[in-house]
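Colleague: I am new to this one. Could you show me the model and walk me through it?

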Amino acid sequence: MSAPRFHLDQPLAAGARFNLPPGPARHAARALRLAAGDAVTLFNGQGGEYTARIERIQKDEVAVSVTGFAGIERESRLRVMLAQGISSGERMDYTLQKAVELGVTAIQPIAARRSVVKLAAERAGKRVAHWQGVVASACEQCGRNRVPAVAAPLTLANWLGQRTDGRLLFLSPLAEARLADLPPPAAQDCLVAGPEGGFESDEIAALLAAGAVAVRLGPRVLRTETAALAALAAMQTLWGDF
């Protein structure tokens with residue numbers, strides 16, 4: 001079995017000795033039941049990973065020593081930002097978790113007109129922190145050493161008004177083009193997926209006015225938590241590392 005992986009939001013260096021933060025420490029001691037002498041892998045999202053060993057566990061206090069560094073990268077050569085219409089509860093968590101496994105490089109939550117979840121400023125900050133935790137946990141599981149950033153939610157119009165580069169792909173069951181009909185991306189793709197009820201007509205018009213290419217994923221209508229993930233898997237197959 002491979003060593004358990006922990007994401008730490010702090011500087012790391014070979015030879016360092018410290019206690020794990022409370023969250024990872026509880027997970028190591030209670031959920032994984034690790035013991036002194038066990039090997040673990042640490043990463044801080046800046047690239048590469050560090051080998052480490054548990055020196056001591058006392059209740060929820062876990063002391064580790066960093067033994068080395070490996071410049072291992074598991075990022076896809078396909079660069080995709082996911083602009084995802086905010087969906088409710090576990091649906092959004094699931095979408096972000098699996099999107100990270102499928103290699104997205106950044107995530108922009110879109111507060112669409114038909115989004116079931118409406119986030120006020122204070123609540124939005126807490127939600128983004130939660131989503132960033134989901135993303136970090138997904139990196140722990142899938143082996144990525146760079147953690148995609150989750151941006152603060154924006155309306156579609158505000159996001160379109162500030163984005164500057166990358167091909168814009170918009171998932172629509174009414175589109176004629178398929179992903180397989182498109183050329184490989186020259187740089188970054190921005191994949192836009194709607195919320196539970198899809199986008200309103202004026203939001204679709206704004207996407208098309210911004211130069212978005214509408215694409216369909218077969219003849220069936222996919223749920224919000226399925227559409228982006230199916231598209232990402234297809235993109236990785238066509239142009240990425242599948």
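Modeller: Gladly! A word on terms first: buried means under 20% relative accessible area, exposed means over 50%, and partly exposed lies in between (1.4 Å probe, protein chains only). This is a predicted model, where local features need pLDDT of at least 70 and side-chain atom pairs count only at pLDDT 80 or more, while totals for chains, interfaces and linings use all residues. Residues are numbered from 1 along each chain as its sequence is written, and side-chain values use heavy atoms, with hydrogens and water left out.

Colleague: Is Thr67 buried or exposed?

Modeller: Thr67 sits in strand β5; helices (H or I, at least four residues) and strands (E, at least two) are DSSP runs, numbered from the N terminus. Its relative accessibility is 52%, so Thr67 counts as exposed.

Colleague: Which residues does Thr67 touch, not counting those up to four places away in sequence?

Modeller: Contact here means heavy atoms within 4.5 Å. With residues up to four places away in sequence set aside, the ones that Thr67 touches are Thr51 and Ala52.

Colleague: What separates the C-alpha atoms of Thr67 and Arg17?

Modeller: Along the chain, Thr67 and Arg17 are 50 residues apart.

Colleague: What is the order of the strands in the open sheet of five?

Modeller: Strands of a sheet pair through backbone hydrogen bonds, either parallel or antiparallel. For the assignment, two strands pair if DSSP finds at least two bridges between them. In this open sheet the pairing is mixed, and the order is β1-β3-β4-β5-β2.

Colleague: Why is one side of β1 and of β2 left without a neighbour in the sheet?

Modeller: β1 covers 5-7 and β2 covers 17-19. Each has a single partner strand, so one side of each has no neighbour in the sheet, because both stand at the edges.

Colleague: What is the bridge partner of Ala39 in β4?

Modeller: Strand β3 (residues 39-43) pairs with strand β4 (residues 49-58) over four bridges, in the antiparallel sense. Within β4, the bridge partner of Ala39 is Arg53.

Colleague: At what angle to β1 does helix α1 run?

Modeller: Axes are lines fitted to C-alpha atoms, for helices over the stretch in contact, and angles run from 0 to 180 degrees between N-to-C directions. Helix α1 (residues 22-31) lies across β1, β4 and β5 (61-70). Relative to β1, helix α1 runs at about 165°.

Colleague: What is the relative accessibility of Arg33?

Modeller: Arg33 belongs to the loop between α1 and β3, and its phi is near 55°, a positive value in a residue other than glycine. Arg33 counts as exposed, with a relative accessibility of 68%.

Colleague: And where is Lys59 found?

Modeller: Phi of Lys59 is near 55°, again positive in a residue other than glycine. Lys59 counts as exposed at 76% relative accessibility. Its place is the loop between β4 and β5.

Colleague: Which residues is Ser172 in contact with, leaving aside neighbours within four places in sequence?

Modeller: Ser172 lies in the loop between β9 (167-171) and β10 (177-178). It is buried, with a relative accessible area of 13%. Beyond its neighbours within four places in sequence, Ser172 is in contact with Ala214, Val215 and Arg216.

Colleague: Finally, what share of the protein chain do buried residues make up?

Modeller: The protein chain has six helices and 12 strands. Of its 242 residues, the buried share is 44%.
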